[in-house]
Amino acid sequence: MSMQRIQDQFERTIDYMRISVTDRCNLRCIYCMPSEGVTPTNHDNILRYEEVVRIVSVAARLGVKKIRITGGEPLIRKKLSFLIASIRSIDGIDDISLTTNGILLKKQIHQLAAAGLNRINVSLDSLNAEKYSEITRGGDINTVLEGIQLAQQEGVSPIKLNMVPIRGFNDNEIEAFAELTVKTPFHVRFIEFMPIGAGAAWSEGKYISSEEIRQRVSAMAPLIPVKLRRSGPARYYRFENAPGVIGFISPITHHFCGSCNRLRLTSDGKLRPCLFSETEIDLKSALRSGAQDEEIERLIRLSVEVKPQGHTIGHERSFTHLKPMSKIGG
Ligand code: SAM
Ligand code: SF4
């Protein structure tokens, strides 16, 4: 089978698909989901695994190599390791990663790793048990930490910890997170708080720029820039002799649109060319009305063609009308 390479009209090569397998979640992080009143998508409208696998097979023929499984919380979807093993067996896919809140990692990491999962990102916004429970509205940090430890023992590498600093709330822990890299090989990544999703949570005053975070971290000790092979949108540094690295992801202040290589597949089967644009292409309806692979390929190509050059989130800070990250697939 011949693999192609697909480029959009701005000469960006699209080789990465983020797949949301559910819009449900076992937590309610204050910056992502409201405490109540979110209606999850009806089960019948969520893509079945065989449908996801079919889409990935066609996308792989077009040059998609890298898959990330996300949600909602992907680990609440039953038999996720079955999906991972199926994706693993698709020609052309060379990297499968997972973004999770880590609550169910402890129970599942062994099976997931055996199925072929290469890497994980765990969202962790506090190292303090009470604060963690407050941010996640009830999550138990010890369960997450045990899951991370087991993942290390399973040889999953690298393990990335994603933290969203919010001013006046958890930003007093920026230094503690950075310090984790001195003793562990974790990639600690600070992500700018974005004005999407649970709109009421975001305000200009709570948002902290990557530059400000970096200055605080570099006041601890000099930061040495690091070039990582798969750096994606993050810019990485390390403290001298530290095994771990510190990354900054700046969707607001440093648009990484110029090197964006991704498409997103929502849990209800829509291809979304850009996180910040409402444009979606409905693959589920096509699949369920009996479309041949050629038609699926045409729709994937179409979503690459309409991928916008960039977004304006830094300029007009009013993206709270967008669906929450749990719906789009963060
Ligand atoms: N439930 C999984 C988790 O928490 O890792 C996967 C989905 S979650 C929507 C993916 C990522 O989106 C998390 O790292 C979370 O911190 C991030 N996220 C959600 N809302 C955000 C916001 N308003 N600004 C910045 N990051 C956000
Ligand atoms: Fe759930 Fe992840 Fe959103 Fe937290 S960030 S509410 S864990 S989807």
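Predicted model: local features only at pLDDT ≥ 70, side-chain atom pairs only at ≥ 80, totals over all residues.
Me: Which residues surround ligand 2, and how many of them are charged?
Reply: The shell around ligand 2 is made of Cys25, Leu27, Cys29, Cys32, Met33, Gly72 and Asn101. Sorted by class, it has 5 nonpolar and 2 polar residues. The number of charged residues in the shell is therefore none, given that Asp, Glu, Lys and Arg are what count as charged.

Me: Which side chain makes a polar contact with the side chain of Asn101?
Reply: The side chain of Asn101 has a polar atom 3.0 Å from the backbone nitrogen of Ile103, but that is a backbone atom of Ile103. Leaving aside neighbours within four places in sequence, Asn101 is in contact with several residues, including Glu73, Val122, Tyr132 and Asn26. The side-chain partner, joined by a polar contact of 2.9 Å, is Asn26.

Me: How many disulfides does the structure hold, and how far from Cys260 is the nearest cysteine sulfur?
Reply: A disulfide is a covalent bond between the sulfur atoms of two cysteines. The structure holds 0 disulfides. Cys260 is in no disulfide, and the nearest cysteine sulfur, that of Cys257, lies at 6.7 Å.

Me: Is Cys260 buried or exposed?
Reply: The relative accessibility of Cys260 is 18%. Buried means under 20%, so Cys260 counts as buried.

Me: Which residues come nearest to ligand 1?
Reply: There are 17 residues around ligand 1. Glu73 has a side-chain N or O atom 3.2 Å from a nitrogen atom of the ligand, and a polar side-chain atom of Ser123 lies 2.5 Å from an oxygen atom of the ligand. Thr100 has a polar backbone atom 3.2 Å from an oxygen atom of ligand 1. Of the 17, those that come nearest are Tyr31, Gly72, Glu73, Ser123 and Met194.

Me: Why is strand E2 described as largely enclosed by the rest of the structure?
Reply: In a regular strand the side chains alternate between the two faces of the sheet. In E2, Lys66, Arg68 and Thr70 point one way and Ile67 and Ile69 the other way, and all are buried. E2 is largely enclosed because the number of its residues that are buried is 5 of the 5.

Me: Which residue in the hairpin of E8 and E9 takes a positive phi?
Reply: Strand E8 (residues 235–238) pairs with strand E7 (residues 224–226) in the antiparallel sense over 3 bridges, and Pro225 stands opposite Tyr237 in E8. E8 also pairs with strand E9 (residues 245–249), again antiparallel and over 3 bridges, with Phe248 in E9 as the bridge partner of Arg235. The hairpin of E8 and E9 has 6 residues between the strands, and the one with phi near 65 degrees is Asn241.

Me: What kind of peptide bond joins Ser157 and Pro158?
Reply: Most residues other than glycine have a negative phi, and most peptide bonds are trans. Pro158 lies in the loop between helix H5 (141–153) and strand E5 (159–163). Omega for the bond from Ser157 to Pro158 is about -5 degrees, and the bond is cis.

Me: Is Lys79 exposed or buried?
Reply: Lys79 is found in the loop between strand E2 (66–70) and helix H2 (80–88). Its phi is positive, near 50 degrees. The relative accessible area is 66%, and the cut-off for exposed is over 50%, so Lys79 is exposed.

Me: Where is Arg137, and what is its relative accessibility?
Reply: Arg137 is in the loop between helix H4 (129–136) and H5. Its phi, near 55 degrees, is a positive value in a residue other than glycine. Arg137 counts as partly exposed, with a relative accessibility of 38%.

Definitions and conventions:
Residues numbered from 1 in each chain as written. Chains lettered and ligands numbered in written order. Heavy atoms only, no water. Near = heavy atom within 4 Å. Polar contact = N/O pair within 3.5 Å; in protein donor to acceptor, adjacent residues only side chain to side chain. Contact = heavy atoms within 4.5 Å. Disulfide = S-S within 2.5 Å. Buried < 20%, exposed > 50% of the residue type's maximum accessible area, 1.4 Å probe, protein only. Pairing = 2+ DSSP bridges. Helix = DSSP H or I, 4+ residues; strand = E, 2+ residues; numbered from the N terminus.
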